[in-house]
Number of protein chains: 2
Amino acid sequence: MNLSEKFRALEADNAPGQEVRQKDDDFKARMLGNIMSGAFVDFSHGDVDAFPPTPGSSKAWSDGFEKGGKQAYTEYRGEAQLRERLAARLGQFTGNAVSASNELIITPGTQGALFLALGATVTEGTKVAIVEPDYFANRKIVNFLGGIVVPIPLHYLGKPSENGPDLSRIEDAFKDGAKVFVFSTPNNPTGFVYSPEIIAAISELAFKYDVTLIVDQLYSRLLYSGEVYTHLCACEIRPENLITIMGPSKTESLSGFRLGVAFGTSWIIERMERLQAIVSLRAAGYNQAALDTWFSEPQGWMEKRIEEHEAIRDELLTIFRAADFPVATPQAGSYLFPQLPPLNVELHTFIKLLRYQANVIVTAGTEFKPSLTNSIRLNFSQDHAAAVAAAERIVKMVEIYRR
Amino acid sequence: MNLSEKFRALEADNAPGQEVRQKDDDFKARMLGNIMSGAFVDFSHGDVDAFPPTPGSSKAWSDGFEKGGKQAYTEYRGEAQLRERLAARLGQFTGNAVSASNELIITPGTQGALFLALGATVTEGTKVAIVEPDYFANRKIVNFLGGIVVPIPLHYLGKPSENGPDLSRIEDAFKDGAKVFVFSTPNNPTGFVYSPEIIAAISELAFKYDVTLIVDQLYSRLLYSGEVYTHLCACEIRPENLITIMGPSKTESLSGFRLGVAFGTSWIIERMERLQAIVSLRAAGYNQAALDTWFSEPQGWMEKRIEEHEAIRDELLTIFRAADFPVATPQAGSYLFPQLPPLNVELHTFIKLLRYQANVIVTAGTEFKPSLTNSIRLNFSQDHAAAVAAAERIVKMVEIYRR
């Protein structure tokens, strides 16, 4: 791929949050019926006004600012004492000890962590196994770095016990020379949580074939009632090279701070720091101070947040299922990924019409797997009533444009 | 270069601010004389406690936080209305109009802007002309992207009228296929400001040979009395592809916010945004709000800041020149780049001894040009008295270790 081709593959006008850059008005000619009334809902990302940032995060920033130079200029991998505290909390959360000095880096968001982890392990010609559907940036980063994407299908619309990535395809990819495997659990966009058995199997395969694993656990704290979460980094048999990625942008609504962490194999963390030194130096110094609120929220705060999301999830599932949209029950996180019936307009036109006619923004399934032209992703971390009304407008819109 | 080689070239233990990661204690065996007393001075970066952030920057952040979701989730290229205001100010400052919608991107620091600008234009095998000495990340970024560095020597220790980059070497590089030329003015580490004639000549050469120019103007506002600054983007004859980089991290002491901007050719800005989407998404949303204080400082604030820096500059120059260290007079910015006489220990050992014995951190000249083993860089944006005392200790240390 030359540079023009690489950047065509990075096209971002349909990426979440970028809808405002779409200048093309041709879709309006396809509009049927009238403009609908109802409060604007942007399902492309969570609404931090409906679910505000962790209590104390703004105060923590101000305290960091008052600390002055010491907080402004941290090591590239993040402030040393903060890393000590975070390492202890992450060790406790995952069940696997983390060394603050060698195995942890603070990054500008989990996006930054993903780019650095892949940048540290992928170059021209590196084969990288990527789940489909999964977070859209995985594929784009690998393309930019010159790596070769080896797709691994994820089954997510079947019975819970039958869902998951195709393990034989994973082993085939590893046999065929894939050196890196990156995936998110809970999966973005479906909310599927990899089971203990699947996690153990992936970890053993990576150990057997000496594959580097990059596990994106961004949403792992927003786990719904009755679900079990498994940390790959705590598996008994695990690969030599393993990076886990997390951050407080979602459940904790700290996205406006751009903070994330990666932890795991020290030589990869070391490379990530060297790369961070030329990419963005460090996560903004004052912002790092807000990480001290992470895993240290007021008692009951997280439980309430999960309950409120679960209630929205359940009501949206009811609405979409009543309309016969196939949709998996998210086990964690705040994404819903319904499949739509065949429409008279193509998906990107329908999504533009949704925005124009129904005052609702959603993200196209094609961002997560290029062939998924029949699915949309909703981040349902929204005002409950507004989300329900918007979901009902989506159903109405599908009725209007149904083939 | 394979990935191991690339990351060896990214070695960052001698980079400014990373001194704390040096674990090797062997240098202590080389110590002569006693530990010196005196306040710790870290010349590797400016002291934001001595020169605090722009008035109102912390308040601007808090106001941004209060705005909530609108400020947390901006377009990847930065909040639209803020870009309007910034474009107007940058147009006025440079003398060349900037389109807010197509020609401007807000980045996490100028480091982020540099990485994105080079990432948008350099790939495996691209020849990139790079001034030596210049900001250390330029060379490292090009290496990481697989580009080929074509060095352009900068003369900076001669008579002012004779200083500057070797224009014939620039033309040779362009003739020889260099597609990109990146340089900083004022130059980091020497404080040399490219003259109107040199800027016009570079601009015309880039036009003639269709070379993309990336001009790092990070320090252009801290211009000392009697000096003239020339904005390449306002030249009459200029290349089709041109990106200018600036930010409020230095003179304005907003480094802890990680904010920068790049402006210029729209297709490059578009690519930079696509790359930012996978590298870090956006400059932290709340932090972006602090950019509104930029070019909008209280009356007289910038003039006072420049005066105070000029006074420190002049006193340090006097100290180093009395010790017969060749050193250029910085025309702008807060870097001094003295050359040391021959020493009994090699430069990196001397720098470790400086830290251990004299309580002073400086940056090795080798970071800016690999062969500069006889120079050190000081960021003199420090408490005036502490900087003077520390410079005197540097002179004493040189006397002790002089060959």
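Buried means under 20% relative accessible area, exposed means over 50%, and partly exposed lies in between (1.4 Å probe, protein chains only). Keep that scale in mind for the stops below.

This is a predicted model, in which local features need pLDDT of at least 70, side-chain atom pairs count only at pLDDT 80 or more, and totals for chains, interfaces and linings use all residues. Residues are numbered from 1 along each chain as its sequence is written, chains are lettered from A and ligands numbered from 1 in the order in which they are written, and side-chain values use heavy atoms, with hydrogens and water left out.

**Stop 1: B:Q357**

Select B:Q357. It sits in helix 12 of chain B, residues 347-358; helices here are DSSP runs of H or I, at least four residues, numbered from the N terminus. Is B:Q357 buried or exposed? It counts as buried, because its relative accessibility is 0%.

Now show polar contacts: pairs of N or O atoms within 3.5 Å, where, within protein, one must be able to donate a hydrogen and the other to accept it, and residues adjacent in sequence count only if both atoms are side-chain atoms. The B:Q357 side chain reaches the backbone oxygen of B:L32 at 2.7 Å. It also makes a polar contact with the side chain of B:Y401, at 2.7 Å.

Widen to contacts, meaning heavy atoms within 4.5 Å. Leaving aside neighbours within four places in sequence, B:Q357 touches B:M31, B:L32, B:G33, B:N34, B:I35, B:M36, B:M397, B:I400 and B:Y401.

**Stop 2: B:A9**

Go to B:A9, in helix 1 of chain B, residues 3-9. B:A9 is partly exposed, with a relative accessible area of 30%. Its contacts, not counting residues up to four places away in sequence, are B:K140 and B:N143. Draw a C-alpha distance from B:A9 to B:P326: the two are 317 residues apart along the chain and separated by 29 Å.

**Stop 3: chain B against chain A**

Show both chains. Here 74 residues of chain B are in contact with 73 residues of chain A. How much area do the chains bury between them? About 5800 Å², 60% of it on carbon and sulfur atoms; buried area is the accessible area (1.4 Å probe) that two parts lose on being put together, summed over both. Select B:Y73, B:R274 and B:I278: they supply 14% of the area that chain B buries against chain A, more than any other three residues.

Chain B and chain A have 17 residue pairs in polar contact, both at pLDDT 80 or more. Finish on helix 9 of chain B, which gives the largest share of the side of chain B that touches chain A, 8 residues.

Definitions and conventions:
Helices (H or I, at least four residues) and strands (E, at least two) are DSSP runs, numbered from the N terminus.
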